[in-house]
Amino acid sequence: MDEFHYRIPWRAGSAHPGHHHSRAPGGGYEFHGHAPLHSGADPRHLDIRASLCDPFGEFKVRQFLQTSLIPVVAVADLSASMHVGHKPQLLGRISAAIAYSAYRTGDPFGFIGLGGAGCPAIHHPPRRHRGLALDLPRQLRQVRFEGPRLAAAPKLTALLGSRKALVFLLSDFHFPLKILESLLEHLRPHDVVPVVLWLSQEWTPPVRWGWARLREPESGQRQGRLLHPRSGLQLRQAFEHRRRELTGICRRHGRPPFFVTDAFCPRAFSRYFLETCA
């Protein structure tokens, strides 16, 4: 089972002990300050030196911040373009890796697979799912990839709730950038990690040149195009331009996107969190 290590640049607000820095006082190792003994502070942390220096003669007790858990949610785009090539297998592998990594870190994990009429085709609320990492690829194999785009899901923000979560947004982002801007704006209360799933075959030039009927994967519409040797170069340039645009938009809303092309590398994903949370 793939596993990676994630981290967050913000402090968790949960009172439940976990792995991440938080702003909740408790039994951690991060010094937070002193409190008078009579305020109910833990007497085991009595600071003799601070008590002797106190001008009012009060006993001072050290206070610490605990480490807390955070909710981790994977939101998967199940639109038609995500069914091209081996994207479903790639999506299943990444979803399983996120679920297993959250389980190993001790965080509750939730999964929302959006397709069809914008309602979740797969929905697991955040909790400690023991075997979900093994079961998610099977569920994704049985679901039907169709319908509108990830951004057309009106219930997504309601499903995520108001409690700040680490949200993995899994999609190929083959929809208008204005919709992506709107989606990220609605998800602003959360820490969103955009994961872009692309296949190199999407910009690989065809073997034969000439007239061809191409199908738009999202809508299923077909149209004729004259393919010539420059078509391959134009395809690559279009994807490079798209990559720069996605990076710019996602950076403005928090984190740069993590690009997965053809294969998923858990070590590269861990390095992504090291670089973005330094």
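User: What does the side chain of S81 make a polar contact with?
Analyst: The side chain of D172, at 2.8 Å. Keep in mind that this is a predicted model.

User: Which residues does S81 touch?
Analyst: Leaving out residues up to four places away in sequence, S81 touches K87, D172, H174, P217 and E218.

User: OK, switching to helices. Which residues of α3 are buried?
Analyst: Helix α3 covers residues 132-142, and its buried residues are L132, A133, L136, Q139 and L140. Looking down the axis of α3, these fall within an arc of 105 degrees, so they line one face of the helix.

User: Why would residues a few places apart end up pointing the same way?
Analyst: An α-helix has 3.6 residues a turn, so residues three or four places apart point the same way.

User: What's exposed on the other side of α3?
Analyst: L134, R141 and Q142 are exposed there.

User: And what covers the buried residues?
Analyst: The cover for the buried residues of α3 includes α2 (87-105), β5 (109-114) and β6 (120-127).

User: Now the largest nonpolar core. Which residues touch the most other members?
Analyst: F109, F168, V195 and F269, out of 41 residues in that core. Several elements supply at least two residues each, including α2, β5, α3 and α7 (266-276). The element that gives the most is α2, with 7 residues.

User: What does F109 touch?
Analyst: Quite a list, again not counting residues up to four places away in sequence: V72, A74, S95, I98, A99, A102, P125, P126, R127, H129, L132 and L136. L132 and L136 are also among the buried residues of α3.

User: Last topic: R236. Where is it found?
Analyst: R236 is in helix α6, which spans residues 229-252. At 38% relative accessibility, R236 counts as partly exposed.

User: What does R236 touch?
Analyst: W203 and P205, once residues up to four places away in sequence are set aside.

User: How far apart are R236 and A24?
Analyst: They are 49 Å apart in space, C-alpha to C-alpha, and 212 residues apart in sequence.

Methods. Residues are numbered from 1 along each chain as its sequence is written. This is a predicted model: local features need pLDDT of at least 70, side-chain atom pairs count only at pLDDT 80 or more; totals for chains, interfaces and linings use all residues. Side-chain values use heavy atoms; hydrogens and water are left out. Buried means under 20% relative accessible area, exposed over 50%, partly exposed in between (1.4 Å probe, protein chains only). Helices (H or I, at least four residues) and strands (E, at least two) are DSSP runs, numbered from the N terminus. The arc is that of the directions from the helix axis to the C-beta atoms. Contact means heavy atoms within 4.5 Å. A nonpolar core is a set of buried Ala, Val, Leu, Ile, Met, Phe, Trp, Tyr and Cys residues joined through side-chain atoms within 4.5 Å. A polar contact is a pair of N or O atoms within 3.5 Å; within protein, one must be able to donate a hydrogen and the other to accept it, and residues adjacent in sequence count only if both atoms are side-chain atoms.
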